[in-house]
Amino acid sequence: MVLSDAQVQWLGIPAGLTVPYLLLRLALALVLIRFLVGIKYTEIGFGSIRRWTTIEKSFLVQMVVVANLVFPWAFSIALDRSLVDIYLSVFTIGFPTYFIHGFTQELVYRGLLQTELTRRWGSVAGILAANTLYAFGPLHANYYAWSASVMVPMFGAVFAIGLLFALHFHRSGNLWLVAVMHGIGQAHIMLSLTSAGSAQ
């Protein structure tokens, strides 16, 4: 789900302040997690980058480079637009908004919820419960209004991608990687859908 400028305006935030609003919301969540709830960042997967393995560091670099080459190329073909046009629309229109929102989703659903549910119920039940809440909960509630021919594949895709993120986080314990993957993917996909809608 995307937090649009219209939704931010509904909250009383001017349209141009979406990114500062999202950054403030993320910062507030991190402060509350650490100082009100008392959870250390390392407990929810935000360990120091200095402690990452060589594989994790390599994976991050590869993921960022490949995603920012492959997504625009694929969308330029699908939308029949130039690669330069896709890059300009992605990186000037709203990349920070979608990236921060995707990053925040991982903090909540994987870092906090999945960590706690797997602690209480075990790996399989905790991962499935957290991912079910992620896929079918309030973040994607707008899909319920769509026709079944669109809703079912959307929920299926969201659940499958969420499960991939959940398993990666469970195996690695590194929320940074999953959050960056989610943020980049959401930014490119949502901006390409916005571009496709405006081109019609």
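Helices here are DSSP runs of H or I with at least four residues, numbered from the N terminus. I am working from a predicted model.

**Entry 1. The chain as a whole**

I went through the elements from the N terminus and wrote down α-α-α-α-α-α-α. The count for the chain is 7 helices and 0 strands. I then looked up burial and found that 37% of the 200 residues count as buried. The accessible surface comes to about 11200 Å², and carbon and sulfur atoms account for 71% of that area. For contacts, I took the pairs at least 6 apart in sequence; 68% of them join residues at least 24 apart.

**Entry 2. Helix α3**

I picked α3, which covers residues 54-78. How far does α3 reach from its first C-alpha to its last? The span is 35 Å for 25 residues, close to the 36 Å expected at 1.5 Å a residue. I listed the buried residues in α3 as Glu56, Met63, Ala67, Asn68, Pro72, Phe75 and Ser76. Just after the helix, I noted a positive phi of about 55° at Asp80.

**Entry 3. Ala67**

I next checked what Ala67 touches, leaving aside neighbours within four places in sequence. The contacts are Gln62, Pro72, Ile184 and His188. I also looked up Gly185, which lies 118 residues from Ala67 along the chain. The C-alpha atoms of Ala67 and Gly185 are separated by 7.6 Å.

**Entry 4**

Which residues make the nonpolar surface patch? I noted Val61, Val65, Val66, Leu69 and Val70, with a patch area of about 430 Å². For the spacing along a helix, I kept one general point in mind: an α-helix has 3.6 residues a turn, so residues three or four places apart point the same way.

**Entry 5. His101**

Last, I looked up His101, which is in helix α4, residues 83-121. His101 counts as buried because its relative accessibility is 8%. What does the side chain of His101 make a polar contact with? I found the side chain of Arg25 as the partner, at 3.1 Å.

Technical notes:
Residues are numbered from 1 along each chain as its sequence is written. This is a predicted model: local features need pLDDT of at least 70, side-chain atom pairs count only at pLDDT 80 or more; totals for chains, interfaces and linings use all residues. Side-chain values use heavy atoms; hydrogens and water are left out. Patches are made of residues with over 30% relative accessible area and no salt bridge: like charges are joined within 9 Å, nonpolar side chains (Val, Leu, Ile, Met, Phe, Trp, Tyr) within 5 Å. Accessible areas come from the Shrake-Rupley method with a 1.4 Å probe; for residues, only the protein chains shown count as cover. A salt bridge is a side-chain nitrogen of Lys or Arg within 4 Å of a carboxyl oxygen of Asp or Glu. Helices (H or I, at least four residues) and strands (E, at least two) are DSSP runs, numbered from the N terminus. Buried means under 20% relative accessible area, exposed over 50%, partly exposed in between (1.4 Å probe, protein chains only). A polar contact is a pair of N or O atoms within 3.5 Å; within protein, one must be able to donate a hydrogen and the other to accept it, and residues adjacent in sequence count only if both atoms are side-chain atoms. The expected span of a helix is 1.5 Å times one less than its number of residues. Contact means heavy atoms within 4.5 Å.
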